[in-house]
Amino acid sequence: MTPTSAEFKTNARAALADPQLQRALSGLPGGLVAQRTAAKAGLPEFEDLRTAGRDVKNHMLANLDIYLARYEEQATANGAHVHWAETASDAREIILAICQQANAKLVTKGKSMVSEEVGLNAHLEAAGLKVVETDLGEYLVQIRNEHPSHIIVPALHLTEGQVEDEFRRQHTHLAADRPLPDPASMVAEARAVMRENYIKADVGITGANFLIAETGSSVIVTNEGNGDLTQSLARVHIVITSIEKVMATLEDVAGILRLLARSATGQDITNYVTISTGPKRAADPDGPEAYHVVIVDNGRSELLGTEFRDVLRCIRCGACMNHCPVYGAVGGHAYGWVYPGPIGAVLTPAQLGVKAAGHLPNASTFCGACAAVCPVKIPLPDLMRKWRQREFIQGGQGFVARRALAAWGFVARRPRLYHVATRFAALGLSALSGGRGAFSYLPGATGWTRHRDLAAPQSRTFQQLWAEQQRGIAPDV
Amino acid sequence: MSEPNTAARDRILAKVRRSLGVSEGDGARQANTTQRMTTKPRQPSPARTLLSPAELRAQFIGHLTRGHARVIEVADLGGVPEGIAAYLRETNKPARVRMGSDPRLTGLPWERAAGLERVSGRAEPADEVALSHALAAASETGTLILASGPDNPVTLSFLPETHLVVLNAAVLAGGYEDALVLARAAMPAGSMPRTLNLISGPSRTSDIGGKTVMGAHGPRYLAVFLVG
């Protein structure tokens, strides 16, 4: 996909004015957010497991080279072909070559964000292959020529009505006046359409939520079962995944599984967790004849050595975006790249560069909800702040913002000056508001006051109130 | 197709080591990771995995039932064919079951289920009902563990609309880790099947308008025959 992260502000404005999108997004708080809260309440150990999850992933990252090498050894011993892709383009070429070697015409594909990251579908299609996404949400965005707007609910931005319209446009082999009154009827239609593809497919591509070093396995976590039909009915199974997905043992994966579905959809576990090891065995009546695993780096090995290492703990649950007020207002497409929401605000500058993605870390109120729900405790706001610093150092932001930040920095580093300046500002603004306690218009802050009132400061500063309280004088405000 | 590219691997692993500030021949790191893969430490076990067998059983049934699966309790293996026939009659499904070559299933007293047709082999697109035998289960989330192979071909678990699974109550564990130990004990030492499938309910999706619908691509119905 072509990134549009640099146009975040324009994208966001359009998203806010899109009534269909706003209706689709309005389901988030009562849906995924409420379900996660309920699932967490059902497991009293959840917070301890988050701490353990953070530590386990940190251990994997600190020993990534060893576990990757061990994974390759074990996978190869079980009949897998392991491929290494340093870049997105390497990954595309490797997978195209495997498909061509297998004389493939039809490729089915389970959900994979790494495949979105490397632009796999477009590359295979340009070489004449037909690629069909089999996850229902991915299928919806594929037939609409869109990209996923959420990492686990790709078609979150679509309403039921839009899906119905799209199915009528797309499935022209079916009666035009057939009834499609509800999601159940649409799912049944998609199920029938997809069956044909599974059976005819030459190659099935899936992602992997985890690789397991000890056993040489890849793991997918799904609810629909599409990833299983994709990998078990095609002649060749290709797994595309990235280096930070490797875990030491099945036991390590078991621990993380307790966090993943609860954080993602609020289920205790997804209906299917499939641990795949090698191609079909000699006596097996089903399964692929060949099993390839493509391990993608695409900048991660370098990110590991930076102050952003923590982001590589991510297990792609989507909780940070579900709980983000900015994501909830503008949806995923506004972010303009594969990974939206808070995790995208940290990953995108690493993948596209600060200049192309500089707006994203600024699109945050720093409310901290993302860090509070992250199952592996990634300090997302801290990492966004680090990107803001880098953007500033590299000359980003407009002239006015830069001067204002520089002025703020000058004052904030001089406590006496700061106290005097804030005291005057508080008094002045308080007087200016004329006792109303808020401004409906304030020159220099119209970006705010156009949409809502700006609270005016009380007449004294926080430091004054604090000092009074320390002296035992009760504050009178 | 080119052979797996060891040069690319070496460059990626070298970059990883550079970023970590470590060297390849660091014996302490090697020992530490080898120990983890040998001793397989577990993360803290939730209290719900450490209950009495009766509580675990109730928890297992509760999770599956809430997850839109059916659990049918059968006193002994001999009662499974009749249980299957009764379930298919009651739910108005065809009396034709696809199954693999698992001797625990083929050796059942099928004569007790007159009129029930059995076909052997992997699932075909026209099959409506399939039968598998689970290796083990975890009660913490009502999760069955199945292994692919000629005994229980993996397509049985995903292609037909109805999936029937036999589980011996003796291999019902509390947590995933214990269930995986039981599952691996049933396989040749150190080996893995092509797929180990953890199944906790019938196929579902919430991709249209956020509403949950059962039977997305895999089975719409899952019935577990809990034996003993």
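In what order do the strands of the open sheet of eight strands run? Take it from one end: E8(A)-E5(A)-E6(A)-E9(A)-E9(B)-E6(B)-E5(B)-E8(B). The pairing is mixed. Before I go on, a reminder that this is a predicted model.

Let's start at the ends of that sheet. The edges are strand E8 (246-247) of chain A and strand E8 (172-173) of chain B. Each has a single partner strand, so one side of each is left without a neighbour in the sheet.

Now the join between the chains. Strand E9 of chain A covers residues 272-276. E9(A) pairs with E9(B) in the antiparallel sense, over five bridges. For one residue pair, look at A:Ile275, which stands opposite B:Leu196 in E9(B).

Next, walk into chain B. E9(B) and E6(B) run antiparallel and are joined by four bridges. Here B:Ile145 stands opposite B:Leu198 of E9(B).

Stay on E6(B), residues 143-147. Is this strand enclosed or open? Five of its five residues are buried, so E6(B) is largely enclosed by the rest of the structure.

One more step along. Strand E5 of chain B, residues 136-138, runs antiparallel to E6(B), with three bridges joining them. B:Ala137 has B:Leu144 as its bridge partner in E6(B). The hairpin of these two strands has four residues between them. Within that hairpin, B:Gly142 takes a positive phi near 65°.

Then comes the end of the sheet in chain B. E5(B) and E8(B) pair in the parallel sense, over two bridges. B:Ala137 turns up again here, opposite B:Leu172 in E8(B).

On to the helices. Helix H13 of chain A, residues 250-264, packs against H6(B). At what angle do H13(A) and H6(B) pack? About 145°, with their axes 9 Å apart. The crossing is right-handed. From H13(A), the contact uses A:Leu250, A:Glu251, A:Ala254 and A:Leu257. From H6(B), it uses B:Tyr176, B:Glu177 and B:Leu180. By type, that contact has five nonpolar residues, no polar ones and two charged.

H13(A) also has a place over the strands of chain A. This helix lies across strand E5 (210-212), strand E6 (217-222), E8 and E9 of chain A. Relative to E5(A), H13(A) runs at about 160°.

Step back to the whole interface. 67 residues of chain B are in contact with 88 residues of chain A. On the chain B side, the elements giving two or more residues are helix H1 (6-20), helix H2 (27-39), helix H6 (176-185), strand E9 (195-199) and strand E10 (204-205). Which element gives the largest share of that side? H1(B), with 11 residues. By type, the side of chain B that touches chain A divides into 28 nonpolar, 24 polar and 15 charged residues.

Now some single residues. First, A:Glu138, in helix H9 of chain A, residues 136-143. Buried or exposed? A:Glu138 is buried, because 24 other C-beta atoms lie within 10 Å, and the cut-off for buried is 20 or more. Leaving aside neighbours within four places in sequence, A:Glu138 is in contact with A:Lys111, A:Glu133, A:Pro148 and A:Pro154. The C-alpha atoms of A:Glu138 and A:Ser149 are separated by 10.0 Å, and the two residues are 11 apart along the chain.

Next, backbone angles. Most residues other than glycine have a negative phi. A:Lys377 has a positive phi, near 55°. Its place is the loop between helix H19 (369-373) and helix H20 (380-393) of chain A. With 19 C-beta neighbours inside 10 Å, A:Lys377 counts as partly exposed.

In chain B, look at B:Lys40. Its phi is positive too, about 50°. B:Lys40 sits in the loop between H2 and helix H3 (53-66) of chain B. B:Lys40 is partly exposed, with 17 other C-beta atoms within 10 Å.

Last, domains. The assignment for chain A gives domain 1 (1-40 + 321-397), domain 2 (43-159 + 200-301) and domain 3 (412-470). How far apart are the C-alpha centres of domain 1 and domain 3 of chain A? They lie 29 Å apart.

Conventions
Residues are numbered from 1 along each chain as its sequence is written. Chains are lettered from A and ligands numbered from 1 in the order in which they are written. This is a predicted model: local features need pLDDT of at least 70, side-chain atom pairs count only at pLDDT 80 or more; totals for chains, interfaces and linings use all residues. Two residues are in contact if their C-beta atoms, placed from the backbone, lie within 7 Å. Ala, Val, Leu, Ile, Met, Phe, Trp, Tyr, Cys and Pro count as nonpolar, Asp, Glu, Lys and Arg as charged, and the others, Gly among them, as polar. Two strands pair if DSSP finds at least two bridges between them. Axes are lines fitted to C-alpha atoms, for helices over the stretch in contact, and angles run from 0 to 180 degrees between N-to-C directions. A crossing is left-handed if the near helix is turned anticlockwise from the far one by less than a right angle, and right-handed if clockwise. A residue is buried if 20 or more other C-beta atoms lie within 10 Å of its own, exposed if 12 or fewer, and partly exposed in between; C-beta atoms are placed from the backbone. Domain bounds come from an automatic or database domain assignment.
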